Amino acid sequence: MKEHIVDPKDTMVIECEAKGNPHPIFSWRRNGKYFNVARDSQASMRRRSGTLDIYAKNNPEQYEAEYQCIASNEYGSAYSNKIRLQLYTPVWPREILEPVVVSAGLPLVLSCDPPPGPPKPETYWMSSSFPTMQAVRPDRRVSMGVNGDLYFSNVLINDSVADYCCNARFPYKNVIQQKMPVVVKVLTSEYYWSVTRTVAEAAPTWLSPTGSSSSILVLQGEELLLECIAAGMPTPRITWTKDGEDLAVTSRMKVKNFNKMIQIPKASFDDVGEYTCAATNRLGYIEHTITVKVKAAPFWLEKPTDLILAPEENGRLVCRSDGAPRPTISWSINGEPIETADPQPNRQVSGDTLIFRSVSASNTAVYQCNASNQFGYLLANAFVNVLHATPRILGPRNELTKVIEGSHALLDCRYFGSPVPELRWSKYGQGNLEGNRFKTHSNGTLEIKRIRIEDQGSYLCIISNIAGRDENQVRIEVKEPIIIVTKPQSMKVMRGTDVRLECGVKADITTPVTTNWLKNKKHVTLGWRISLDESNLVITNVNRGDEGNYTCVIKNELDQKSASAHLMVMDRPNPPTNLELSDPYERTVRLSWVPGDSNHSPITEYLVQYDDDDWLPGKWRNLSTYPGTLNSVILHLAPFSYYEFRVIAINEIGASRPSRPSTRFQTSGAPPDVIPKNLKGVGTWRNNMEISWEWNGPKLKYLVWWRRRDSREEWKNATTKWLKYYIYDADTFTPYELKVQAVNDFGMGPESPVVIGYSGEDRPIAAPLNLRVSDIESTQVTVHWDTVTRGSIMGELKEYKVYYWRDSSQLRWHWVNRAMKSKSFPDDVPEPSGTVTNLIPYSNYKMYIVVANNRYEGPPSNSIHFSTPEGVPSAPTSFRIQQRHLDSIYVDWDLPAEPNGIITGYSLKYQTVNATRGEELRVEEFPPNTTSFSIRRYDRYTRYRFSVAARTRLGLGEWHTEESPHYTTETYAQDQVDITTQGWFIGIMCAVALIVLILLIVCFIKRSRGGKYPVREKKDISLEPVDDKDQEGSFDYREEERGLQRGQPSIEAMMKRSDSDDSLVEYGEGGEIPFNEDGSFIGQYTGTRRDVRELDFGGSLELHSPMNTIYSLA
């Protein structure tokens, strides 16, 4: 029986479809009787279908019934299973529930009683306390039963805080309905509650099921629920046994609801037995036994199938089923019980089998098999068709089948004929294929196991019976299988590296293959970072997102192979989370955290950092490191301080990002327990002393103690909140005994050890005497002096400092740097001395010495003079190598920067750079006034290495080495090319000549016409803007020419300065005075002035007019 739930507001549809030839006619039965659909105005059947549509607008309840569909044609009738139509009308009646009053400690059951359905609703309880509503959470005390009721094993005062409401969800429409809420009021004995604050205890009793035993009947395959809920105070504990032994919980079984329920989703006959639940508390013990019986509705062992028989053939229909109890079998013909149908002598019922012998056309019909017991029934239709047909092969013909070597090949040959034809397979029409690797199935299919290359060819399927014969040919091509010769290997790599997953393939050359890569069973998206190299997958700069299982899939039209590998990416660990502080004390607190993912590299240690700065948060400092196996540590802190903590996880790859900071934490106060460090006393002025120490905690004050050393005076003290304290009116450089201790509101800390400090120093009042030198060498000298008395130093002796400078060179023409230098000598011995180094030879030095304490230097001693002897010179400067001719190289140099004596000559060494082994090194000697040398080259490729050094009477100085450039004939020719042959030069000269020619023509025309040429007259070197002769600024050439013919003015006349140009000439600082084109001195405008006696005019001084200039250019 099939349940069919419908909504009466909608169209009720009962489907029924069947096929046959000719097409069947449909009819319906309702409650076992014929249902005349045509006469029912609210029902109809769809065309060419048996589907029933019911539009029940009026009285839909009349259609709640059992329906059965019948499909019939001339060959018989087929029946469907019975269908029970049920209306969906779940309505929860509206009712006002009275408050439930119960005493504390007693049990309570709130009933739900939801509408029965169909289908059965799912129930759950909600508790509401304004303004929120939440689900009731089951626990050992509160349970929701299988029937939907809410059970309280005992009631507490808090149970009256909220209202309780039962809700039902109906799966058909997914609708939720809510019952009216119920109010629970809990009563207490005022005296008992006020004295003990507890409720009365009670022994266990059963709430569900009741009594000491019960039984449950369940069908095989259905859900089995066993429930035991007990009342009692305190709440009882539930335990289970089966058949007197402890219950063995299997994978088919779930223990739920705090051991109060056993759920078996699919019951079987193994679940039959006696289940005992026991409820226990400290006041008692009770048991309840549940007997479980399992029955089974009928189920098929062998279902009857359609038969096609030729006349005079034999056949049978088998209807085999089972159940508990065993079902009974009944047969029908076209829906009519076989017992009342027309008897046929060739038809016989034998138990669950219907036997046919020598069939005829009268045996053609639809036979129904019904297997039923008290828990259900099975119905099957089987069509027996008696006919006479010629053999015919069904499906396509002359097919080509491609298979992979080593696989199973199936060659189809579906056929039809009556009587059933005989079938034979052969290769190339010869022989009969059967046995070994060949097997012919009942449906005509030929199976070839482990097919080989030699099995390739044409196969013939032949069918025949008394009515005829038919055949079909199938060709087979055998291909080589795909073989992955190189499989990808699982890897464990570091983040940021490159990975190559190889997948080498061998396949049949006639069948192209394609390569696909999957990551976690999804296709890999290729891009700039993930690419394919043939069939290999290349991943550059891997990250955590690349981690996973990679599968290389190689396939063609016939075959598919795959190989997988796991890629594991190691990375820095994830930061710890959920930092918690607990167990606070004065100087400690416990810090706990949840470790982050190690990212495949074990965490080796944790670094705990802290921030205790109230004013500038974010200055994290390291506190301590701990092993990677810990996630809870005790931190040692300073008292009365604010702290925030964070944790960093470290593995072999690196450190994680810092965790989120913990909550801010303040340690409680305590007296200081640390002595201030680095206590010292230093004078900053001649009559004071600064006492200082290091900070050792927040909100501290410091008690400072001092007294003179080796005196009987009492200790003096002062309190300060700073890290310094000053003592004034102290004697100069006097020792003091000092100590300090930290103080806060909770007490005083330990005293520091006594240290010695000194008051301030003053300037030394005496200078060292008898400064002298000895062992004078070219670059160093030994200095001696007499020490000063300890009292005159006015402080602690720091050093003796010698000041010296190079006053001059013994070469009078040589310029020296007179910068002062110094050197300190800290030794304090009776006969002190020291060596001053890095002196320059052949120089005159001056020197004096002072004594110094930690603050001041004393007065200078007497200055002394000494001279260093001659030494070897430094390297010559400005060494130049030139090629002035094609076949020679010219070198020259300048004097050394420091001659260090009288230069007596130069040495020059040279040798070819690319010389063969054994070539002689040549050396040239030169007098001091020769600073150049020329050498002839062998060829244009020869290069030389030159070394030059200056010499004094003490020997050769430092060598200067240099190699000649790579000169070639082409380079030289290019450097020495004649510009007169260059095109650009010829063009410029032609342009200049053309301009000069034009100017000459213009001048001759002007001269012949007596024209005027505008120019300023400079006879008297006047700077007046306009000539007196012509206000227009012009003069007659002929008159000028006559003036020139009368004579030239003298040099004295030319150099006579007028009042107007004195001021301009005086601004010059000397130098040559060139002439301008109009005869004036350029120096008047450039500000350059030079004495006329220094000018070399090269004979007579000639002044040129503009015409003279033109003539000279021409």
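Q: Numbering the bonded cysteines in sequence order, what is the pairing?
A: This is a predicted model, in which local features need pLDDT of at least 70 and side-chain atom pairs count only at pLDDT 80 or more, while totals for chains, interfaces and linings use all residues. Residues are numbered from 1 along each chain as its sequence is written, and side-chain values use heavy atoms, with hydrogens and water left out. A disulfide here is a pair of cysteine sulfur atoms within 2.5 Å. With the bonded cysteines of the protein numbered in sequence order, the pairing is 1-2, 3-4, 5-6, 7-8, 9-10, 11-12.

Q: How many disulfides does the structure hold?
A: A disulfide is a covalent bond between the sulfur atoms of two cysteines. The structure has a total of 6.

Q: Is the disulfide of Cys413 and Cys461 left-handed or right-handed?
A: The sulfur atoms of Cys413 and Cys461 lie 1.8 Å from each other. The torsion about their S-S bond is about -75°, so the disulfide is left-handed.

Q: Are Cys503 and Cys552 buried or exposed?
A: Buried means under 20% relative accessible area, exposed over 50%, and partly exposed in between (1.4 Å probe, protein chains only). Cys503 is in the loop between strand S49 (499-501) and strand S50 (504-506), and Cys552 is in strand S55 (residues 548-555). Both Cys503 and Cys552 are buried.

Q: What is the order of the strands in the open sheet of 4 strands?
A: Two strands pair if DSSP finds at least two bridges between them. The pairing in this open sheet is antiparallel, and the order is S75-S74-S77-S78. Strand S75 (820-825) and strand S78 (864-867) are the edge strands, each pairing on one side only.

Q: Which residue in S77 is the bridge partner of Tyr804?
A: Strand S74 (residues 799-809) and strand S77 (residues 843-852) run antiparallel and are joined by 10 bridges. In S77, Tyr804 has as its bridge partner Met847.

Q: Which residues form the covered face of strand S9?
A: Strand S1 (residues 2-6) runs parallel to S9, with 5 bridges between them. Strand S7 (residues 66-73) pairs with S9 in the antiparallel sense over 2 bridges. The uncovered face of S9 has Arg84 and Gln86, and the covered face has Ile83, Leu85 and Leu87.

Q: Is Tyr842 buried or exposed?
A: Most residues other than glycine have a negative phi, and most peptide bonds are trans. Tyr842 has a positive phi, near 60°, and is in the loop between strand S76 (833-836) and S77. Its relative accessibility is 14%, so Tyr842 counts as buried.

Q: What is omega for the cis peptide bond that joins Met233 and Pro234?
A: Pro234 is in the loop between strand S22 (229-233) and strand S23 (237-242). The peptide bond joining Met233 and Pro234 is cis, and omega is about 5°.
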